Every structure is written in C-alpha cells, then in structure tokens.
Amino acid sequence: MANPSGKYQVKILGIEDYQAMTACQSACPLGTDTKRYVRAITEGDYEKAFLIARQTNPLVSVCSRVCTAPCEKSCRKGEQGHPVDIRALKRFACDRHGVASPRAVATRLEEISRQNGWVGDRTGNHILTMSAAQKAGTAATSRTSAPRVAIIGSGPTGLSAAHDLALLGYRVTIFEAAPYAGGMLRTGIPAFRLPKEVLQQEIDAILNLGVELKLNSPIGEDLTLADLKTQGYESVFITIGLQDPLRILNIEGTDLEGIHSGVEYVRDHEKIRLGKRCLVIGGGGVAIDCAQHAVRQGAEQVMIACLESWETMPASLTEREDAQEEGVVFHPALGPRRFIGHNGHVVRAEFLQVSSVFDSDGRFSPTFVPDSTTTMGVDSVILAVGQASTAPSLAGLAGLDLTPNGLIRAAEDMSTNLPGVFAGGDVRWRFTRNATDAIADGQKAARSIHGYLSGHSPQVIRKGFMRPVSPDFENTRCDTIPPVPIPKRDAGERVRTKEEITIGFGEAEAREQAARCRRCNIQTVFERSRCLRCGTCVDTCVNGALKIVRLADIQGDENVEKLTEALRKSAPPRGKAMTAIIKDESRCASCGMCARRCPGGAITMAEFYCQEEWE
C-alpha cells in the first residue's frame, strides 16, 4: 500500500476495477460469469451452472474440453499453488445438461431469474441481451425480409457469428469448403481431446436457429465475393482460418518423403504411414496432439524435440505429463539442423543444442551451441511449427486488402476495405489462438455487421451494482480445501480405446473443488456513520488486508483528493486526527469475518454484478 513518499497510494474503485478483481472472468475473452457457475455447482444447482456458462458462449461444451483456460491462469488461488479447476467444473455442468437450444437457454434463464431473484452479470454477448435486442426490433422482424448475411468458413469464429446474427433476426448462410463443418475444431483437434459428437451437437444447435450450411462450397473461381453480392447477400464475413502449414524451417532435407506438417498429419493421419520411429518438432499443444496421435497409430518410438526448455514449452504441463504417461520422449532445447535421407526418404534428423530462443529485446531469434550436434534415427517427421494463411492462394477475393503475410487487413471492428465485407478469426491474426478468442471474434463481427445493416452501431451502456449477501455469509472454507487431480483414464486404456484422456469430476469431487473458489466478486462495503474506529476489523483479518491510517497519510488521483478535501472540511475540532480504513484487495479472501465481528455493524458483505445494455 505504501509508496516511496511514505504515504499510502489509494484509489476509489469504479466498475472496471470491480470487474478486474474477478480476474477469472476478466481474463475470459467471452466474459463468462465463471464465479457464479462455479458457485452454482457448490450449491448443487447444475442446471443453473450450465445456463450461466452457456449464456455468453455458443460452443460452451467444446470449450469445456479444449479451451486453454485463461481464467485458471488468472485465478488468485494460483498464488497458493493451484488455481480452481474452472474448465473441468464447466465440463461437469455441460456433461450433465448437454447441448441446449439457444432460445431454450434464453427462456430458461429468464424463468430462473424471476423465480429466485437470481441476478448475474450480463456482459459481453449475453444471450438475453441479444434476444432483447431482437424482440425490440433492432433487426428485421420478418424472416422472409430480413437482410441476408454470408459467412465464409464454419470454424469457431464463423459459427459464433452465425449464432449471434441468427438470434438478432438475420438470415445467415455459412459457406464451407470442406465436406464437414467445424474448421480446426474438427480437423485440428483429435477426438481424444474433443469427441466429434460433442462438436456436432453444438453445430446442430446453431443450425437449428435457421442458419443454412452449404458444404463443399469454397469461395473461388466458381463462387466469388461479387457473386455473393449478386445473390442478395448484403454483408459477408470471411473467417477462413489458417489451413496451410507454416514452412519456416529453411533447412536441408525438408522435401524428403516421410516429413509432414502438423496440420496435414492431424487432418489426414489415417492416410499417413509413420513407421516405427516418429519425431515431432514443436513445443506447443499441436505438437503434443501429433505425438499422442502417433502413439495411438502404433508408432513404437515417439519423440518430441523443440527449441524451448522443458520449463518454457508453450504446451501446458498437464499436456506434457499426459504425453509422457503414454511413452512420448521429450528432447527440449534442441534446434533442427538438417534432415538426412536414404533413397529419398528421411532416416535421420540432426540437431544443435539451443543456447537461447529470444534475443535481448524479446524477439524470436534462436542461437545455438557450436559443435553440439545430436542425431536421431527416424522413420517419419512431423513439423508442428504453426500455420499460414490460405488467402494468397484463394481466388474469388478480388479487391480485398491483404497484409504482406497474406492475412486479410481488417480494422478493430472487423471491417475490411470493401463495404459490407468483414473478416475475423485467425485470418486477421499472425498465429492461431485460443478457441475462446476465435468465438469472441465472431461475436464482435456479428455486432459490427448488425450495426452496418441496421444503420445503427449498438452502443454498450455498462452499469455496476452492489447487492448485499445473506447476513450469515461465510466463505472461510475456501482456503482449507486441497486441490485434487482431474480424473483421467489409464494411459494404456486410453491409447487402446482412443477415448477421451480425461473423465472429469464426479459429483462429490465437483462440489468440493468448486467450494475452493474465493468468490472474488464479494466485497466489503463500509458504512462511515456506523464505524467506531475500534480496529476490530483490522485485528480480525488474518490476511492483513485492512489497515487504519491517518487521513493525512493517504494520497491518490483527483477523485481521492476531492474526497479527502471534503472530509477535512467536515473534520471535528482540532486535536482529533481524522483516520481512514484502507484495504489491500490483493490480500482479501472475501471470507466475511470482518463483517461478522464489527461491533457497530458498519461492514456489509455485498456481491458486485455488472449489467450491459445495447442502445
């Protein structure tokens, strides 16, 4: 709290500050109300937990399996060694309630909120907000006369945009070049992480909103952007992803037989023969997926080599440990030097030890240890080093402004240089990203397209509220419950059956682990007129979050200065120093002990929630 001047730096909190305190929700690109669905699981209300998780995420069952869980990385419990297993808890709720119709979700949310007075955050693309906008007539009211929107690509970004636009009343058609929908969710993620039936159920729920899906329909010579305009589509959203392999290994031997890209292998693994010894190059999640695929395909020796050290590999520790359990051998801090072939087929890979991956400015610039050659015998090599844009090779996109990297140049609102044409997802970014980032891009594009077609870009009005919780509120148990591992199948079993690696929490485990949540949105509200300045709250707080200081010893921004000046003007007679209670939010565990022990009843525990409205 203190700064070099000897004074305590304080701040009067606003809506954004209170939102930021719930770090799990703030970290989610979709603004998922994580703390409330976790709490609903603790209380045994699994339907409510599912509905809360679903309200801003049209692919929630998918994300409960493959999201990279930025919420967990931000969870304050992580400071104690292990965050709340938020994604696993989401899966627990989703597995019990499956995939639901978006309109049924909206209806049920309204019913529950009326029945028990439950209030939750309505932020991001909340399904009730979109439903209200459609009911209010902000989009066309007749399905036969509503504007038509074409979406090119059926990956998570395209599906998300289609979901939102359909709820807003537009007629949506998805054009997909492949014979199946889902994009990289289907071709880039193996079934042992994301069962295809789960993905298909989510896709079907979106199509049931009236969205038309045209498979085997690439945008190219036979169907161009100009053709779509001629067919009556008033807006087009391009989200073709990064389907091509990124060929950044400019080394000898990459043209040998037996060397495949990660994208190619995950998509067409059933057609590719690996031999006995398979080497995967790369340190991310795709590399792990490829290696585990190779194990299931029958390769006897599967290795992963990457530039990064074991500690700095992009793949999560859980992913790496799962692969090790299945027999995958890791060779970190090795950079490929060349591939050696025999009769045109790869037989060996040469590496140099890596001394550093980035330069002093943090730029990717690997350096190697001289005379540190390591050689591995291989029958096949998979280069899981990234993906590139297909845009330069696609016909039918004439007039679009592209970046030097072949990506589509689009503004922050996804608009391109062509009127009515928008682009989003990985095709406007340099690298592929988290599934929730892709879904959020689709939601943002839907809002922008809605603004373009309606002639009125929706303005988001945000309001914050404090709602007192029950007087007997107590949250002291959250710091006493130890974490437990997420159950998973035995390595041998999952390799043999090719089923999902994880099984998920049982009911008792889920409720117990959900109770580890600190409920960071619960705040202490002080009533100045009731405060006795006795210090009981300070003495009670075991985490040292509260402190009584002289008013003269605090400083802050303009708002703080105005408040302290007003308090000084109303000060008691000279000789009685004014004091203030200040709070270190990073230490508060939202346990409620200070409120229960305050002799003057000056402290109330209240739940912060935020509502967003489109105007």
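Figure 1. Strand β12 (residues 345–358) and strand β13 (residues 364–377) pair in the antiparallel sense over eight bridges. Two strands count as paired if DSSP finds at least two bridges between them. Five residues lie between the strands of the hairpin, and G362 takes a positive phi near 80°. This is a predicted model: local features need pLDDT of at least 70, side-chain atom pairs count only at pLDDT 80 or more, and totals for chains, interfaces and linings use all residues. Residues are numbered from 1 along each chain as its sequence is written, and side-chain values use heavy atoms, with hydrogens and water left out.

**Figure 2. An antiparallel open sheet has the order β11-β12-β13.** Three strands make up this sheet. Its edge strands are β11 (334–342) and β13, and each pairs on one side only. From one strand to the next, the twist averages 25°. Strands β11 and β12 run antiparallel and are joined by eight bridges. H342 has H345 in β12 as its bridge partner. Strands here are DSSP runs (E, at least two residues), as are helices (H or I, at least four), all numbered from the N terminus.

**Figure 3. A parallel open sheet has the order β4-β3-β2-β5-β16.** Five strands form this sheet. β4 (212–214) and β16 (421–423) stand at the edges with a single partner strand each, so one side of each is left without a neighbour in the sheet. The twist averages 20° from one strand to the next. Strand β3 (residues 171–175) runs parallel to β4, and three bridges join them. F175 stands opposite K214 in β4. Helix α17 (residues 435–454) packs on the sheet and touches β2 (148–152), β5 (233–238) and β16. Contact means heavy atoms within 4.5 Å. The direction of α17 makes about 160° with that of β5. Axes are lines fitted to C-alpha atoms, for helices over the stretch in contact, and angles run from 0 to 180 degrees between N-to-C directions.

**Figure 4. Helices α15 and α16 cross at roughly 15°.** The axes of α15 (residues 285–297) and α16 (residues 317–325) come within 10 Å. That makes α15 roughly parallel to α16 (angles under 35 degrees count as roughly parallel, over 145 as roughly antiparallel, 65 to 115 as roughly perpendicular and the rest as oblique). G285, I288 and Q292 in α15 meet E319, R320, D322 and A323 in α16. By class, the residues of this contact of α15 with α16 are two nonpolar, two polar and three charged. Ala, Val, Leu, Ile, Met, Phe, Trp, Tyr, Cys and Pro count as nonpolar, Asp, Glu, Lys and Arg as charged, and the others, Gly among them, as polar.

**Figure 5. Helices α4 and α8 cross at roughly 120°.** The axes of α4 (residues 46–54) and α8 (residues 102–116) come within 10 Å. The two helices, α4 and α8, are therefore oblique to each other. From α4, E47, K48, L51 and R54 meet P102, V105, R108, L109, I112 and N116 in α8. The contact of α4 with α8 has five nonpolar, one polar and four charged residues.

**Figure 6. E500 forms a salt bridge with R91.** The closest N and O atoms are 3.4 Å apart. A salt bridge is a side-chain nitrogen of Lys or Arg within 4 Å of a carboxyl oxygen of Asp or Glu. The pair links distant parts of the chain, 409 residues apart. E500 lies in the loop between α18 (491–497) and α19 (507–514), and R91 in helix α7 (residues 86–97). A search of the whole structure finds 38 salt bridges.
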